[in-house]
Amino acid sequence: MLVHLQGPWNPLLGRLTLQQIPYENPILLGTFIFAAILGVIVLGATTRYGKWGYVWREWLTTVDHKKIGVMYCLVGLVMLFRGFIDALMIRTQQAIAIGPNSPGALGAVHGYLTPFHVGQIYTAHGLIMVVFAATPLLVGIMNIIVPLQIGARDMAYPYLNALGLWLTTAGGALVMLSLFVGNFAHGGWYGFVPYFELPYSPGVGVDYWMWAFQLSVLGTTMGSINLIATIVKMRAPGMTWMRMPIFTWASLSTNLIALTSFPVLMVALGLLGMDRYLGTHFYTAGMGGNLMLYNDLFWIWGHPEVYFLILPAFGMMSEIIPTFSEKTLFGYATMVIASFAIGGVSWGVWLHHFFTMAAAPNVNSFYSITTMLVGIPTGVKVFNWIFTMYRGRVRYELPMLWALLALFLLLVGGMTGMMNAFASNDYMWHNGLFVVAHFHMMVLLIAASVFGAVEYWFPKVFGFKLEQKWGKWFFWFMVLGTGWVFVPMFFLGMAGMTRRLDYIPYTQWAPYLHITLVGMAFYVVAVLFFVAHLYVSLRDREKNRVGADAWGTSRNLEWMTHSPVPAYNFAFIPHVNARDEWAWRKENGIAELHAGDYEDIHMPKNTGIPLFLGLLSMGLAFALVWRIWWLALLCLVLMVALIIIRSFDRDTDTTIPAREVERVERAARDGSSGSVPPAGVLGDAVIATSTVRSGSGGIGGNTTSPRPSWAPRNR
Amino acid sequence: MFIKNKRSKTWPRLVLPLALLTLGGCSRSGLFLLEPEGLISQTFYHYFMLDVGIMLLIIIPTVVLTIWAMWRYRKGGNGSYHPQWSHSYAIEAVVWGIPLLTVGVLSYLSVKAIYDVNPYNPGVIAKAQQAAGGDPVEVDVIATDWRWLFIYPQQHIASVDELVVPVGTPVRFRLTSTSVVNDFIIPQLVGMIDVMPGMRTKQALVADKAGTYVGYSADYSGAGLSWMHFQTKAVSPAQFEQWVQSAQQSPQHLSYAGFNRFARPYIAVGGDQQIFGQVQPDLFDQVVGEVMRGKVWPTPMAMTENMVNYMKKQRAEQKAGDY
């Protein structure tokens with residue numbers, strides 16, 4: 001052992017003992033039973049219907065950017081549900097445990113959760129919502145849409161793409177595992193030092209938090225490299241920078257932020273790991289350590305991360321609003337500049353996360369002003385969206401409703417954000433519920449955009465629209481819940497109520513806390529409507545089949561190919577003639593998908609190695625959490641071995657023959673004309689032959705002829 | 001008593017939204033930030049109202065514009081339709097100009113406010129003190145897991161979870177922590193300042209009105225955080241003198257050795273207040289120094305995992321001993 005640890009340790013199981021399984025806690029026991037039943041049903045059904053081969057071939061080993069994107073979204077959705085349950089528990093606890101006479105149950109003095117348990121819940125809630133729900137959902141949607149929007153056949157690095165997915169999933173799985181084996185960190189999602197050092201957090205919770213976080217950081221960094229390379233290098237011919245769809249611009253900006261900021265977090269967490277495992281003193285109070293260092297490093301990542309989340313959301317709004325206003329986006333160039341301005345400013349504002357850490361007034365002034373600067377490009381974006389609707393024909397379909405909700409949330413969140421940036425205000429309510437309510441406005445804006453984007457692009461990915469009736473119920477109950485939870489929370493902020501309380505000493509605050517509980521009830525109903533929405537949509541999918549251009553007024557390249565998109569995306573790589581290419585083609589009457597002389601398409605081949613690397617990294621993290629050194633070493637050796645094996649594998653690509661392309665294209669065309677629906681979802685499996693190809697050419701879409709006959713000639 | 005807060009609160013109130021106006025009526029509502037009773041918190045309130053007012057000048061028209069565009073240009077409505085219209089230099093100038101102007105004005109106010117209330121040397125207090133003369137009251141604050149110890153170095157007394165200050169006199173704090181980061185706040189009197197182990201931070205306040213105000217830690221510091229609050233009694237200078245004299249009679253004394261026992265993790269469920277009649281003179285500096293040299297009061301694993309049992313045990317132990 002390298003550091004002194006409280007509690008037992010043995011070479012075989014490390015710190016893991018039977019007492020670490022919280023079977024005596026009825027809440028966790030219930031959760032476990034629920035999870036176990038769900039697991040048995042899913043695995044049982046897969047076996048019963050003989051789908052293991054399908055799951056393995058089409059999903060687990062896939063490198064197809066669309067399927068990887070769908071899996072990212074599924075991971076995000078599951079974690080979103082978990083994060084929501086955490087939120088429900090925090091709000092119920094705070095609604096019960098008010099004042100010294102409030103009742104207590106299940107071993108808690110007040111309420112039904114002990115401080116230790118509440119701590120784990122809000123830590124998990126924060127980490128999950130930011131890192132394992134919002135991030136995978138956004139990365140998933142970028143994964144699906146960006147290559148389609150730029151007319152590419154896959155990402156620049158399909159293998160890296162799969163690896164990013166499985167590392168992120170491994171991190172999420174680790175957070176889930178901590179429910180049933182050991183415990184989770186209990187001091188806030190961003191980790192306080194020295195509170196997260198061994199003397200104050202002696203258990204394994206912080207280790208779980210740290211390694212789960214590290215895995216997701218690794219996954220997201222890989223994803224950002226991939227998306228940047230894809231956008232820079234793989235745009236279809238003719239797509240100049242200023243013809244790029246606005247969502248792609250947002251993705252580029254956001255991934256530049258990710259690539260430059262995530263490594264900082266890796267270092268920050270790495271140093272904390274050295275403190276906890278090797279006994280160094282980077283962040284301790286004594287022995288030369290400095291806790292301020294952690295705050296700086298963490299928020300140098302943490303604030304750009306906020307914009308990493310919000311820029312794709314802005315991009316989604318910028319796609320949805322023009323489509324449903326039946327009009328071009330107002331101020332395209334301004335939007336691009338604003339996206340990059342937000343990205344640029346994001347590196348210079350991190351100190352506003354600790355205005356109260358005794359920086360000199362000139363330092364606080366600087367960061368107060370830079371923070372306010374963010375308001376300028378954001379304000380411009382808001383006005384541009386409004387002027388996009390101006391002189392348009394606004395259709396209130398579900399994606400548009402979500403985008404408009406996001407717009408209103410941005411107005412509230414933006415205003416309160418400007419109030420937070422005003423440092424003298426922040427002195428009064430830093431770490432308070434005003435800040436909490438503010439950033440929930442912002443993340444709900446992200447959530448609203450994501451729901452809108454899913455409604456919007458769902459038909460593209462799966463070939464049928466989601467139904468509207470239950471979706472609208474879901475939407476309106478989300479609106480109700482948001483109002484009832486967060487308006488009182490702003491008042492609690494004015495009350496000076498701080499974050500992370502498991503017991504509320506002041507009974508005057510009770511009415512507000514009880515109103516938020518009503519809001520939570522609305523949210524619960526909303527979740528039920530969401531399930532109904534999904535169920536009805538899947539049941540009635542044949543009724544809602546759509547062709548390539550699902551909404552009729554969409555504008556970008558992704559609407560040019562079939563819905564669902566074939567594995568190779570585009571039978572021919574399109575030549576781009578204008579900004580909003582698809583709208584341009586429709587106006588000029590060349591929207592017809594041509595049947596032509598199909599050619600062989602060169603695509604990456606499936607591989608199981610990313611999945612195994614993900615599993616092994618999870619094993620490694622688990623072993624490190626419990627300090628089972630032999631297991632950690634084993635996993636590490638196997639990972640290195642797999643990476644070496646993979647690097648000698650020359651058989652990584654495959655060719656889809658022209659006749660196969662022709663078959664798929666014909667089926668899709670016939671399907672979209674109404675007679676025969678295309679079989680399966682998301683790109684019917686194509687029969688591919690594996691060949692080792694030498695020389696250049698690849699998924700970027702080098703078809704054999706440099707100038708396809710179908711490309712429009714007069715530009 | 002020699003400092004009067006003359007800052008007007010009436011005109012910013014005029015630009016308030018209705019919601020906040022109605023709140024102004026229900027005092028004692030627990031909305032502490034809206035009921036400022038100290039020089040610093042009044043100053044915050046003043047700038048806060050200005051800030052809200054200016055923001056609403058922008059936000060309300062924007063909301064109206066959004067709703068108007070949504071209604072006027074709905075499909076099937078009366079709005080004209082120009083699908084190709086996507087650019088106008090005039091509009092672009094306005095949409096960049098308005099946020100630029102707003103941010104400019106707010107930045108100016110923000111910087112002014114920061115210098116007025118910055119914890120190390122609040123402009124408003126420095127000004128008031130210069131005008132009136134007199135010595136400030138000094139208080140050394142040590143945050144432990146999870147109690148507040150207030151040492152009055154000039155009076156050689158200390159008080160646990162209870163802060164007594166004279167009305168109208170500047171009080172200057174030096175703050176440190178024994179273990180993890182806490183955040184010191186008395187919402188009706190003064191804003192937050194981090195209280196960090198092995199480091200010394202500063203804060204200052206002037207209470208305008210006699211009364212009892214709540215104070216607490218605003219930064220997460222562990223299982224006992226929710227009970228880590230203290231009472232602030234603002235009393236007249238005469239009453240303050242009286243309180244000091246009675247405190248000096250307390251038989252309990254505090255040295256570093258006693259403090260070493262005092263600083264062990266302890267959850268003050270009952271708001272356990274305590275007075276020390278005599279305090280080792282350089283206790284504050286010694287605690288900062290010891291923590292810098294690596295002294296820790298660790299949280300036992302038993303405490304993180306079963307707080308309630310631990311609380312009972314520790315309570316029995318600590319009640320028994322004198323420091």
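Student: Which strand does β2 of chain B pair with, and how do they run?
Tutor: In this predicted model, β2 (residues 148–152) of chain B is joined to β3 (residues 157–160) of chain B by 4 bridges, and the two run antiparallel.

Student: Which residue stands opposite I151(B)?
Tutor: That is A158(B), in β3(B).

Student: What sheet do they sit in?
Tutor: An open one with 6 strands and mixed pairing, in the order β8-β5-β1-β2-β3-β12 (chain B).

Student: And which strands are at the edges?
Tutor: β8 (201–205) and β12 (274–276) of chain B. Each has a single partner strand, so one side of each has no neighbour in the sheet. From one strand to the next, the twist averages 20°.

Student: Which helix packs on that sheet?
Tutor: Helix α8 (residues 283–292) of chain B packs on it, touching β1 (137–143), β2 and β5 (171–177) of chain B. The direction of α8 makes about 30° with that of β5(B).

Student: What about the sheet with β4 of chain B, what order does it have?
Tutor: The order is β4-β10-β9-β6-β7 (chain B), an open sheet of 5 strands with mixed pairing. β4 (162–166) and β7 (190–195) of chain B have a single partner strand each, so they stand at the edges with one side left without a neighbour in the sheet. Neighbouring strands of this sheet are turned by 20° against each other on average, direction ignored.

Student: How many bridges join β6 to β7(B)?
Tutor: There are 4, between antiparallel strands, with β6 spanning residues 182–186 of chain B. Within that pair, I186(B) stands opposite V190(B) in β7(B).

Student: Which helix packs on this one?
Tutor: Helix α6 (residues 237–248) of chain B, which touches β4 and β10 (229–235) of chain B. Its direction makes about 135° with that of β4(B).

Student: OK, zooming out. How is chain B divided?
Tutor: Into domain 1 (10–74 + 88–125) and domain 2 (136–320).

Student: How many residues are in contact between them?
Tutor: 16 residues of domain 1 of chain B meet 17 residues of domain 2 of chain B. On the domain 1 side, the largest share is 5 residues, from helix α3 (residues 39–72) of chain B. That side has 11 nonpolar, 3 polar and 2 charged residues.

Student: Where does UniProt put the "transmembrane region" in chain B?
Tutor: The unreviewed UniProt entry annotates residues 44–68 and 89–109 of chain B that way. In the model, residues 44–68 of chain B are 100% helix and 0% strand, with the end C-alpha atoms 35 Å apart. Residues 89–109 of chain B are also 100% helix and 0% strand, and there the end C-alpha atoms lie 30 Å apart.

Student: Last one, N10(A). Buried or exposed?
Tutor: N10(A) counts as exposed, because it has 10 C-beta neighbours inside 10 Å and the cut-off for exposed is 12 or fewer.

Student: Where does N10(A) lie, and how far is it from R627(A)?
Tutor: N10(A) is in the segment before α1 (26–48) of chain A. N10(A) and R627(A) are 617 residues apart in sequence, but 9.2 Å apart in space, C-alpha to C-alpha.

Notes
Residues numbered from 1 in each chain as written. Chains lettered and ligands numbered in written order. Predicted model: local features only at pLDDT ≥ 70, side-chain atom pairs only at ≥ 80, totals over all residues. Pairing = 2+ DSSP bridges. Axes fitted to C-alpha atoms, helices over the stretch in contact; angles between N-to-C directions. Contact = placed C-beta atoms within 7 Å. Domains from an automatic or database assignment. Nonpolar A, V, L, I, M, F, W, Y, C, P; charged D, E, K, R; others polar. UniProt positions renumbered as here; feature names shortened; annotations may be inferred. Buried ≥ 20, exposed ≤ 12 C-beta atoms within 10 Å, placed from the backbone.
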